[in-house]
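Open the model in your viewer and keep the selection tool at hand.

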Amino acid sequence: MEKLFYPITQRRLRADTHIRELTASVKLSHKSFIQPLFVDEAINESRVVNGLKDVEVDTSSTILNTIEKSIKTGATKFLLFPVPAKKKENNFDFSFATSVIRSIKENFGEAVWIASDLCLCSYTSHGHCGILNDDHSKLINHKTVDVLSKYATQLAIAGADCIAPSDMTDGRIAAIRTSLDALGYDTISIMSYSAKFSSQFYGPFRDACHSAPNTNGLKNRKTYQLSPLNINDAIASSLRDEKEGADILMVKPSALYMDVIAKLKQHTLKPIAAYHVSGEYAAIEALAEKGLVNREAAHLEVWTALTRAGADIIISYAAKNAKEWIDKMGY
Ligand code: PBG
């Protein structure tokens, strides 16, 4: 009989930093990170966001400084959230968003990659992600899709590198792809928020963008965002968006939905972006502030787990720290 050596040790691979580095099954790179940016037309000075340490809502001029600082840290890819001063129910004016993109591109050109979030929640007086019917009881799909595809072409004309629809209506990816291609913008990519759940964890973001639903009609986003109870819908919606022309699929929130990332990975060859959302980020910051976790190590642990689950791209409010933190990451 074969001689067995007891104990069967696995601990040799954990013995020191060198061997832990050599045998790591996931490796992080700051090159996979996207930094969200907020820019608000209604403010004259940048302002802090409740709960989001080190994140500011910029004005159209301070945003250039924010981007310059980020580039110095190695963060060159951004997800832009423009917040217009005026809220309406329809006939929206997208000129603030387009002017911001134009000025970013004039200043930084190809040194930066700008994905523009595409949604109406910061434009609408009721805070929903699309056009509602008269008594605000329903979101009207086709009207919303029409407005979004016009908005998308304006963002592309202004110089956006990628369009990131976060509204969760049906058919928007095909409509946006068709409108972009018709104008010759066939190289502008689409990053679809394809698995975006109705979540409690968007709180700090909604504060930053003044985009919480506020109407006596539809009280929440459950009729268009995914139910946390239904992973099959998340996979089906993502594969539907892939068929319609999405280049990158997204899971959001991410740390609480790693099962969705892992499952989606088995069904697609498209890159998957994991959005570590505002509430998830703020939870770590709140623990760190109380001295209950090490801030950097906690973010790194989440990023590692997201990568292990199958994320190719990470959207994090700490993307600007990724290079520094990963470089000195001790494992
Ligand atoms: C807009 C949108 C939201 C987020 C990104 N795009 C909020 C929402 O759906 O209410 C959340 C991002 C975050 O919390 O960091 N549709």
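This is a predicted model. Start by selecting helix H5, residues 172–182, and colour Arg 172, Ile 173, Ile 176, Arg 177 and Leu 180, which are buried. Why do they sit on the same side of H5? Because they cover an arc of only 125 degrees around the axis, they are placed on that one side. Now turn to the face of H5 that points away from its buried side: Thr 178 and Ala 182 are there, and both are exposed.

Next, show what covers the buried residues of H5. The cover includes three strands, E5 (113–118), E6 (162–165) and E7 (189–196). It also includes helix H4 (141–158) and helix H7 (231–244).

The next stop is His 128. Look for it in the loop between E5 and H4. Is His 128 buried or exposed? It is buried, with a relative accessible area of 0%. Display the residues in contact with His 128, leaving aside neighbours within four places in sequence: Leu 120, Cys 121, Pro 213, Thr 215, Leu 218, Asn 220, Arg 221 and Tyr 224. For one of these, Leu 218, draw a distance: the side chain of His 128 reaches its backbone oxygen at 2.7 Å.

From Ser 166, a polar side-chain atom is 3.3 Å from a nitrogen atom of the ligand. From Tyr 317, an N or O atom of the side chain is 2.6 Å from a ligand oxygen atom. Taken alone, the ligand exposes 400 Å², and the protein buries 100% of that. How many residues surround the ligand? There are 18, and the closest are Lys 196, Arg 206, Lys 252, Ser 278 and Tyr 317.

In soluble globular proteins, nonpolar side chains tend to be buried together. Select Met 191 and show what it touches, not counting residues up to four places away in sequence. Among them are Ile 34, Leu 79, Ala 115, Cys 162, Ile 163, Ala 164 and Pro 165. Ile 248, Met 250, Ala 273 and Ile 315 also touch Met 191.

Technical notes. Residues numbered from 1 in each chain as written. Predicted model: local features only at pLDDT ≥ 70, side-chain atom pairs only at ≥ 80, totals over all residues. Heavy atoms only, no water. Contact = heavy atoms within 4.5 Å. Buried < 20%, exposed > 50% of the residue type's maximum accessible area, 1.4 Å probe, protein only. Helix = DSSP H or I, 4+ residues; strand = E, 2+ residues; numbered from the N terminus. Arc of directions from axis to C-beta. Near = heavy atom within 4 Å. Polar contact = N/O pair within 3.5 Å; in protein donor to acceptor, adjacent residues only side chain to side chain. Areas by Shrake-Rupley, 256 points an atom, 1.4 Å probe, with all protein chains shown as cover.
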